[in-house]
Amino acid sequence: MITLTDYGAHSDSLRRGSGRESGQAMDERTLRARMEPELPPGLTAHIDRVVVLAGTFARRHDLALASVQLAARGHDLLRAVPPSELLTRARAHGLEIDPVELREPVLLHGPLAAIDLADRFAVRDADVLHAIRWHTTGHPDYSAEAWAMFVADKVEPEKVQRRPALARVRALADHDLETAALAYLDLTLIAAVEEGWQLHPMANAARNALMARGVRDDA
Ligand SMILES: [Fe+2]
Ligand SMILES: [Fe+2]
């Protein structure tokens, strides 16, 4: 069970509805307008592509469109923040920092975005915040909506163009999002071995959970 208390020191005040925008759920278009001044244009363009593709997946697989698109809009709020600053902020929030995150602080941009979106942008949907928190690695408890956002982030058109192996993941996503997610996590595992970098433990946990549920990538 995911609750708002997982996100940020001010989540209690948000839950009580004492925030500036009390009573109004944040929507994707409003969040876009509020995030845009804070982001480099290239990052907003990436996020725009993810929102479009996540919407395509949500419609195709009959998922909750507004939740999928809100998670897609918020996922990279802090992607342009320098690694040292991410580390400082993670420590300030008392986040438990995995040794892999210590080596690669960019991995903290998801967990910190979830906190920021709850604190500063009035995103109150705990499932949306959970999807955003783990969008780099996936998570064993991910919903279909969270996987739609996750896969869209990994296979938006420009990423497929840069890395043609992702075309297969994109094609699988038309049929089954969890199979696509497993195929992506398999590619990540292979790259980690070949290129000699550490895999985040949550990526491994997410991959194991998909396989334990019978998801197979043997097409
Ligand atoms: Fe990201
Ligand atoms: Fe992204």
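This is a predicted model: local features need pLDDT of at least 70, side-chain atom pairs count only at pLDDT 80 or more; totals for chains, interfaces and linings use all residues.
1. Overall fold. The secondary structure of the protein chain comes to 13 helices and zero strands, so that, read along the sequence, the pattern is α-α-α-α-α-α-α-α-α-α-α-α-α. Of the 219 residues in the chain, 42% are buried. Where contacts join residues at least 6 apart in sequence, 63% of them link residues at least 24 apart.

2. Helix α12 and its length. This helix takes in residues 177-195, which is 19 residues, and it reaches 26 Å from its first C-alpha to its last, close to the 27 Å expected at 1.5 Å a residue. After α12 comes Gly 196, and the phi of this glycine is positive, near 75 degrees.

3. The buried part of α12. The buried residues of α12 are Leu 177, Glu 178, Thr 179, Ala 180, Ala 181, Leu 182, Ala 183, Tyr 184, Leu 185 and Thr 188; a colleague looking at the model may wish to follow these along the helix. The cover over the buried residues of α12 includes α3 (41-60), α9 (144-154), α11 (166-173) and α13 (201-212).

4. The pair α4 and α9. Helix α9, named above as part of the cover of α12, also packs with helix α4 (residues 65-74), and the axes of these two helices come within 9 Å and cross at roughly 40 degrees. The crossing in which α4 passes α9 is right-handed. On the α4 side the contact is made by Ser 67, Val 68, Ala 71 and Ala 72, and on the α9 side by Glu 145, Ala 146, Ala 148, Met 149 and Ala 152. Sorted by class, the residues of this contact are seven nonpolar, one polar and one charged.

5. The pair α7 and α8. Helix α7 (residues 109-120) packs against helix α8 (residues 126-133) at an angle of about 150 degrees, and their axes are 7 Å apart. With angles over 145 degrees counted as roughly antiparallel, α7 and α8 are therefore roughly antiparallel to each other. From α7 the contact draws on Gly 110, Pro 111, Ala 113, Ala 114, Leu 117 and Ala 118, while α8 contributes Leu 129, Ile 132 and Arg 133. The contact of α7 with α8 has seven nonpolar residues, one polar and one charged.

Definitions and conventions:
Residues are numbered from 1 along each chain as its sequence is written. Chains are lettered from A and ligands numbered from 1 in the order in which they are written. Helices (H or I, at least four residues) and strands (E, at least two) are DSSP runs, numbered from the N terminus. The expected span of a helix is 1.5 Å times one less than its number of residues. A residue is buried if 20 or more other C-beta atoms lie within 10 Å of its own, exposed if 12 or fewer, and partly exposed in between; C-beta atoms are placed from the backbone. Two residues are in contact if their C-beta atoms, placed from the backbone, lie within 7 Å. Axes are lines fitted to C-alpha atoms, for helices over the stretch in contact, and angles run from 0 to 180 degrees between N-to-C directions. A crossing is left-handed if the near helix is turned anticlockwise from the far one by less than a right angle, and right-handed if clockwise. Ala, Val, Leu, Ile, Met, Phe, Trp, Tyr, Cys and Pro count as nonpolar, Asp, Glu, Lys and Arg as charged, and the others, Gly among them, as polar. Angles under 35 degrees count as roughly parallel, over 145 as roughly antiparallel, 65 to 115 as roughly perpendicular and the rest as oblique.
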